[in-house]
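Here is a short briefing on one protein chain. Look through the sequence and the structure before reading the points below.

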Amino acid sequence: MLSFEDFEKADGKVDWQAYRAAQVAQGYVCYKCGTLIWGRDRIPAKSRCRECRALNKPEKGRHSSLVRCPNCMYLFCPSEADQYDLYDDGDNEAWCERCEHRFTVTTHVSYTFVSPALIEEDVDGEEEEEEPEEAGEEEGSGDRAGAELVGVDSQQPKEAPPGSSSVREG
Ligand SMILES: [Zn+2]
Ligand SMILES: [Zn+2]
């Protein structure tokens, strides 16, 4: 991956435009949709991501951000085209800004829930102290764990062996 630090200008600020241009020119980012291109999919030249390449074929094609007009192959982002209905799950009507063709797009909505980080209990402005690791304890923790395990085992009620007195009664 390119390092944006290599694109620092004389004033120390990163020239993001040049960085993006280099990412596209070297095939790290799809020039059509801006998706990152990984591993074996990448060729070191201006190129498209897998999804965009699929939209270049005559078949039905799925893409996570772009819609293709079946008449003129124009690609567009629904939000940039103000076609927000296309974000609803199911079949939605789209129209092409370039050739005005109307067509149906099937939308699959998926969700990812990002839960917040754990709540920190001591937020008094005190510096976080690293807790000493318990390995420093005098008792060997490994041995103790083993002893506890044995203890649990021995506390289990002993079941009468099969074929005990109750069977023989009578
Ligand atoms: Zn793409
Ligand atoms: Zn079109």
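Two strands count as paired if DSSP finds at least two bridges between them. The model is predicted. The protein has four helices and four strands, and from the N terminus on these run α-α-β-β-β-β-α-α.

**Confidence**

- The average pLDDT of the protein is 80, and 72% of the residues score at least 70.
- Over residues 139–156 the pLDDT stays under 50.
- For residues 139–156 the model has two contacts beyond four places in sequence.
- Where pLDDT is low, the predicted coordinates should not be read in detail.

**Burial and core**

- Of the 170 residues in the protein, 7% are buried.
- Six residues form the largest nonpolar core: V29, C30, I37, C49, C52 and L55.
- One of these core residues is I37. Leaving aside residues up to four places away in sequence, I37 touches G27, Y28, V29, C30, R42, S47 and C49.
- Among contacts between residues at least 6 apart in sequence, 20% join residues at least 24 apart.

**The loop between α1 and α2**

- Helix α1 covers residues 16–25 and α2 covers residues 50–54, and G39 is in the loop between them.
- Is G39 buried or exposed? G39 counts as exposed because it has 5 C-beta neighbours inside 10 Å, and a residue with 12 or fewer is classed that way.
- G39 and Y28 are 11 residues apart along the chain, and their C-alpha atoms are separated by 9.4 Å.

- Strand β3 spans residues 90–95 and pairs with β4 in the antiparallel sense, over six bridges.
- Which residue of β4 is the bridge partner of G90? The partner of G90 is T107.
- N92 stands opposite V105, which is also part of β4.
- In a regular strand the side chains alternate between the two faces of the sheet.
- Strand β4 spans residues 102–107 and is hardly covered. The count of buried residues among its six residues is zero.
- Six residues lie between the two strands of the hairpin, and E100 belongs to the loop there.

**Positive phi values**

- E100 is not a glycine, although its phi is positive, at about 65°.
- Why does E100 count as exposed? E100 has 10 C-beta neighbours inside 10 Å, so it falls in the exposed class.
- M73 is also a residue other than glycine with a positive phi, near 65°.
- Where is M73 found? M73 is in the loop between β1 (67–68) and β2 (75–76).
- M73 counts as partly exposed because it has 13 C-beta neighbours inside 10 Å.

Technical notes. Residues are numbered from 1 along each chain as its sequence is written. Chains are lettered from A and ligands numbered from 1 in the order in which they are written. A residue is buried if 20 or more other C-beta atoms lie within 10 Å of its own, exposed if 12 or fewer, and partly exposed in between; C-beta atoms are placed from the backbone. Two residues are in contact if their C-beta atoms, placed from the backbone, lie within 7 Å. A nonpolar core is a set of buried Ala, Val, Leu, Ile, Met, Phe, Trp, Tyr and Cys residues joined through C-beta atoms within 7 Å. pLDDT is the predictor's confidence in each residue, from 0 to 100.
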